[in-house]
Every structure is written in C-alpha cells, then in structure tokens.
Amino acid sequence: MAAHRKPRQRSLGGGTARTAVTLALAGAATATAFEGTGNAEPQLTPAQVKAKVDQLYQEAEEATQKYDGAKDKADTAQRRLRSLQDETARAQQKLNSARDALGLVAAAQYRDGGIDPAWQLALSSDPDQYLDDASVAERAGDRQAGAVARVRQQLRGIEQLRGAAHVELTALRSRQAELKREKAAVVAKLDEARELLDRLSPQQRSAVTADGGTGRASRSTADARAPLTAGSVAATDSRAAAAIAYAYSKLGSPYVWGATGPDAFDCSGLAQAAYRSAGVSIPRTTYAQINAGRRVSRSELQPGDLVFFYSGISHVGIYIGNGQMIHAPNPSAPVRIAPIDEMPFAGATRVV
C-alpha cells in the first residue's frame, strides 16, 4: 500500500521569483509613467498659445499704464523737489549775506560800546554834536532791529522750504517704489508671453504674431497710406491733422513699454507724442487721456480722435477715418494701422 505524501510546495526561488520581481518593477514603472504623464504640463496648441499671449499682452498693457502713471508722478515729484532745493539754496545765500551784515554791525557796536553813553556825553568836546550822533545811532538801531527781524523771517522760510522738500522726497521715494513694483509686473507678463512663443516653431510663431496678437491682420504701411491720406476722410482741425501726420511718420516704429518716442512708443506714449508734436499737451496714461477732451460716441468719430479699448481703458489708438486707427499694439508688433473693431471698444475723446 503506497504511502500518501503531502504535495511539495514550490518555493519562489529561481526564475519564478525573478519573474515576479520583474512584473512588480514593470508595474511600478508603468504607474510612475502614468503619474508623470498626469503631472506633465499639457502641450498647448498654437491657438491656445495665441489666446494666452493675447491675454498676457493685455495684462501687460494694464500694468504698463500703471507704470506710466507712477513714472509721471515720480517725475513731477522730482521736479518739485529740485525746485524746492534751488529755492532753498537761494534763500540760504540771502540769509548768509544778511547774517554777515549783522555780524559787522555787532562787531562795531562791541568796539564802540565800552564807554557808558553818559560819560561819552560828559567827555565829548561837542555835546550838541554828540546828541545829534546819538539820535542817528538810535535810528540806525531801529533799522538793525528790522534787519534782525528779516533774518528771523528768512530762517523760518528756509525751515518751511526744507519741510516741503522733505515731504516731496518722501513722496518721490514712494513713487519710485511703486514704479519698481509696476515694472516687475510688466516684465513678468512679457517674459511669460515670450516663453510661450518660444515653444512654437518659427512658422507657428510667425502665424501667431502676424496680426500683432489681435486676431486680425493689420494693413501694412505701404498699402495703408495712399487711400487714407488721399481719400475723402480728413481731419477738420489742423492740430488733429498734425497729430495724424506724426503718427503716420512713426509707422513701423517698435513698441517699447514706457516709451514716448521719438523712435519707440507704447500706446499712450504714441498718442501723447503725436499731440505734443501738434502743440497740444495731453496726459501720459490712457485712463487720464480719455478725460483730456470731449467724449464722443463711436458714431461721431472724426480723424484725430483718441479711441480707447477694454473695460480698464488700457489701450489707445489715434483714429484716422474709415474705421481705422494708428496704434502701438504690443511687443510683437510695431506701430501700425488697424481696424478699431479688432478690440473691445471702450470710448473715445476729441482732444481738439
């Protein structure tokens, strides 16, 4: 009778163990691969890159207008501070002269004041003459008292000037700090847009930036000049015509944020420079420029009017008629002619 034996259990040694370990590692690697895929940044299509770049350019434009405003205020504070410093220096010079004059008088009085006036009268060989001299000296004393009062007034004036200069210096430092923050915001937006564009092939990047990030193709300099300058549309005001002529002369100039010409511009810098060339002073920023003249509706637009875009009034162009404007779009496009309906219209103002 055969003995019943317990079946042998095979160990996980040898090839079986190796297979199990291999499968486990493969599973872990697969899981890691899937996990990495899940966390990887999705590849944007050219259309998505364009939409994101357009948004970044708009945000950069808003930050640029804040930078321009802060710079304008910093420049004003700097001019006021310099003026106060010059005025203080002139006042100090006058004070020094007055003090020198008083010092000479005080020294003379000290030299002549060693003898009591009664003894001087008694010892005088000519009492009548002495009394006459004493009367003159008394009147001179009154004049010197007035000189002392004027010096004291000058001192108070200088202290007030120094106080005002301190206030301006504090304001200037605050504006400079604000300027630094706004500059950092602009640079960050533009750097992010540049990084997105760098991911595209040269052909894709050219297609995305060909319209200046606006979604529409703008007319070139060559084919835009003739019909708009020779057509029936013309500025009714000579200053508006001069501003338009200046803008035409700057077609093709690069966009540089914070620039007001003569070789580069941001959007509000171009508008300001164009009207400055026509002898008209307008503010530096879009949100101040829109209030620089009389508001007009879109249907009332005339060449030379300033047209504004986006809800935050962050972009401006110079209307030239026929639904067209000259503007400085963004860093990917130079000063150019474009239709005013390529961006959300926010309002318009007639400067002259």
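These legends describe close-up views of a predicted model. Local features need pLDDT of at least 70, side-chain atom pairs count only at pLDDT 80 or more, and totals for chains, interfaces and linings use all residues. Residues are numbered from 1 along each chain as its sequence is written, and side-chain values use heavy atoms, with hydrogens and water left out.

**View 1. Tyrosine 246 and phenylalanine 265 form an aromatic pair.** The structure holds three aromatic pairs (ring centres of Phe, Tyr or Trp, the last by its six-membered ring, within 6.5 Å; planes under 30 degrees apart are stacked, over 60 edge-to-face, the rest tilted). Here the centres of the tyrosine 246 and phenylalanine 265 rings are 6.4 Å apart, and the planes stand at 90 degrees, so the pair is edge-to-face. Tyrosine 246 sits in helix 7 (residues 238-249), and phenylalanine 265 in the loop between helix 7 and helix 8 (267-277). Helices (H or I, at least four residues) and strands (E, at least two) are DSSP runs, numbered from the N terminus. The two residues are 19 residues apart. Both tyrosine 246 and phenylalanine 265 are buried (buried: under 20% relative accessible area; exposed: over 50%; partly exposed: in between; 1.4 Å probe, protein chains only).

**View 2. Phenylalanine 309 pairs with phenylalanine 345.** The ring centres of phenylalanine 309 and phenylalanine 345 are 6.1 Å apart and the planes are at 85 degrees, so this pair is also edge-to-face. Phenylalanine 309 belongs to strand 2 (residues 306-309) and phenylalanine 345 to strand 6 (residues 345-350), so the pair ties together parts 36 residues apart in sequence. Phenylalanine 309 is buried, at 0% relative accessibility. Phenylalanine 345 is partly exposed, at 26%. Arginine 298 lies over the face of phenylalanine 345, 5.1 Å from the ring centre (NZ of Lys or CZ of Arg within 6 Å of the centre and within 35 degrees of the ring normal).

**View 3. Helix 7 crosses helix 8.** Their axes come within 7 Å and cross at roughly 125 degrees (lines fitted to C-alpha atoms over the stretch in contact; angles from 0 to 180 degrees between N-to-C directions). From helix 7, Arg239, Ala240, Ala242, Ala243 and Tyr246 meet Ala273, Ala274, Tyr275 and Ser277 of helix 8 (contact: heavy atoms within 4.5 Å).

**View 4. Serine 268 is buried.** This residue is found in helix 8. Not counting residues up to four places away in sequence, serine 268 touches Gln65, Asp68, Arg284, Thr285, Thr286, Gln289 and Val316.
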